[in-house]
Amino acid sequence: MSSIKIECVLPEHCRCGESPVWEEASNSLLFVDIPAKRVCQWDSLTKQVQRVTMDAPVSSVALRQSGGYVVTIGTKFCALNWKNQSVVVLASVDQDKKNNRFNDGKVDPAGRYFAGTMAEETAPAVLERHQGALYSLFPDHHVKKYFDQVDISNGLDWSMDHKIFYYIDSLSYSVDAFDYDLQTGKISNRRSVYKLEKDEQIPDGMCIDTEGKLWVACYNGGRVIRLDPVTGKRLQTVKLPVDKTTSCCFGGKDYSEMYVTCARDGIDPQGLLKQPEAGGIFKITGLGVKGIAPYPYAG
Ligand SMILES: O=C(O)[C@H](O)[C@@H](O)[C@H](O)[C@H](O)CO
Ligand SMILES: [Zn+2]
């Protein structure tokens with residue numbers, strides 16, 4: 001049996017840390033702090049952090065094949081040049097919804113950047129319902145809309161054989177699956193593969209391991225859970241010393257470590273005394289499973 005170790009590797013006070021992405025080329029973890037409008041890069045070797053501030057909430061970051069990163073800022077898909085900190089808008093969505101912003105995003109195995117939107121929250125998980133939609137930015141910069149009526153667009157990943165797309169609309173308290181056509185980027189046949197239990201709270205970010213099992217960060221649940229999407233059973237629970245766990249990804253050597261982001265917003269001063277590491281970056285080792293490298297945006 002492996003022994004699990006959980007460590008706060010970066011005591012960052014993220015208001016809402018999200019979108020952890022491992023960048024193998026720089027041995028670093030990318031992540032965002034949404035309301036702080038920040039994209040960060042934590043070097044796992046030097047332990048140094050670089051932070052770049054945007055002019056609107058930035059909800060996800062992904063690698064870009066041609067160099068630099070892509071990010072979702074406000075309701076825009078953008079390219080970010082890390083060296084000179086410049087941003088170029090690639091496409092816009094939800095132009096009729098002034099109170100909307102993008103939320104979680106991830107690149108598919110063919111290099112399309114998937115991201116969904118939501119209404120801006122007045123408090124964590126308090127927002128106008130059904131305002132969001134799911135989109136993807138194709139390598140040629142055209143945008144495809146998949147569906148709307150989304151509350152909080154979150155966790156997304158693809159099965160190892162690229163035939164299934166997994167997705168979370170947080171306030172449905174469900175992890176869903178679609179059949180996926182990698183050639184065309186089309187999704188179909190939506191179904192639920194797991195319904196969260198009460199103490200697991202709100203499903204947020206998600207990633208898949210090489211065994212095809214799903215890892216879901218549970219917001220307010222202070223844990224990541226490992227699910228078997230075939231049987232619909234929870235296989236494992238890993239608790240963290242912070243409640244507002246938002247997302248997870250594999251990284252480090254051979255993608256054998258898990259990185260977890262979390263939020264600090266919405267915790268009162270009393271609560272912060274009990275979880276001083278809220279908003280930090282956590283590393284979990286000894287899970288005994290691995291992930292895969294993130295796919296880069298192909299455009
Ligand atoms: O990170 C996200 O996905 C949202 O932007 C956050 O605000 C919270 O996680 C959400 O409130 C929990 O459902
Ligand atoms: Zn999220």
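Me: In the hairpin of E2 and E3, which residue takes a positive phi?
Reply: That's Asn 27, with a phi near 50°. The hairpin has 4 residues between the strands. Keep in mind that this is a predicted model.

Me: Got it. How many bridges join E2 to E3?
Reply: There are 5, and the two strands run antiparallel. As an example of a facing pair, Glu 18 is opposite Val 32 of E3.

Me: What about the hairpin that E3 and E4 form?
Reply: That one also puts 4 residues between its strands, and Lys 37 in the turn has a positive phi of about 60°. E3 pairs with strand E4 (residues 38–43) over 6 bridges, in the antiparallel sense. Here Val 32 sits opposite Val 39 in E4.

Me: Is E3 mostly covered or exposed?
Reply: Mostly covered: 6 of the 6 residues in E3 (residues 28–33) are buried.

Me: Which side chains point which way from E3?
Reply: Ser 28, Leu 30 and Val 32 point one way, while Leu 29, Phe 31 and Asp 33 point the other way. All of them are buried. In a regular strand, side chains alternate between the two faces of the sheet.

Me: Nice. Switching topic: how many cavities of 30 Å³ or more are there?
Reply: The count comes to 1. The largest cavity holds about 330 Å³ of space.

Me: What lines the largest cavity?
Reply: 24 residues do, and Pro 20, Lys 106, Asp 157, Cys 249 and Pro 294 are the ones nearest its centre. The elements giving two or more residues to this lining are strands E2 (17–23), E6 (58–63), E10 (100–107), E18 (202–208) and E22 (245–251).

Me: And how do the lining residues divide into nonpolar, polar and charged?
Reply: 17 are nonpolar, 4 are polar and 3 are charged.

Me: Which residues does UniProt list for "binding site"?
Reply: The UniProt record, an unreviewed entry, lists Arg 101, Asn 103 and Glu 121. They are spread over 21 residues of sequence but cluster in space, with a largest C-alpha distance of 11.2 Å. Arg 101, Asn 103 and Glu 121 are also part of the lining of the largest pocket.

Me: Where is Arg 101 placed, and why does Arg 101 count as buried?
Reply: Arg 101 belongs to strand E10. It counts as buried because its relative accessibility is 7%, and the cut-off for buried is under 20%.

Me: Back to sheets. In what order do E6, E7, E8 and E9 form their open sheet?
Reply: The order is E6-E7-E8-E9, with antiparallel pairing. E6 and E9 (86–92) are at the edges with a single partner strand each, so one side of each is left without a neighbour in the sheet. From one strand to the next, the twist averages 25°.

Me: How many bridges pair E8 and E9?
Reply: E8 (residues 76–81) and E9 pair over 6 bridges, in the antiparallel sense. One of the facing pairs is Ala 79 with Val 88 in E9.

Me: Last one: what's the order of the open sheet with E14 in it?
Reply: It's E14-E15-E16-E17, an open sheet of 4 strands with antiparallel pairing. The edge strands are E14 (153–158) and E17 (186–195), each pairing on one side only. The twist averages 25° from one strand to the next. Within that sheet, E15 (residues 164–169) and E16 (residues 174–181) pair over 6 bridges, and Ile 164 stands opposite Asp 179 in E16.

Key: Residues numbered from 1 in each chain as written. Chains lettered and ligands numbered in written order. Predicted model: local features only at pLDDT ≥ 70, side-chain atom pairs only at ≥ 80, totals over all residues. Heavy atoms only, no water. 1 Å grid on protein atoms, 1.4 Å probe; cavity = no way out; pocket = protein on both sides within 12 Å on 5 of 7 lines; lining within 4 Å. Points joined across faces, edges and corners; volume = space filled by probe spheres on them. Nonpolar A, V, L, I, M, F, W, Y, C, P; charged D, E, K, R; others polar. Pairing = 2+ DSSP bridges. Axes fitted to C-alpha atoms, helices over the stretch in contact; angles between N-to-C directions. Buried < 20%, exposed > 50% of the residue type's maximum accessible area, 1.4 Å probe, protein only. UniProt positions renumbered as here; feature names shortened; annotations may be inferred.
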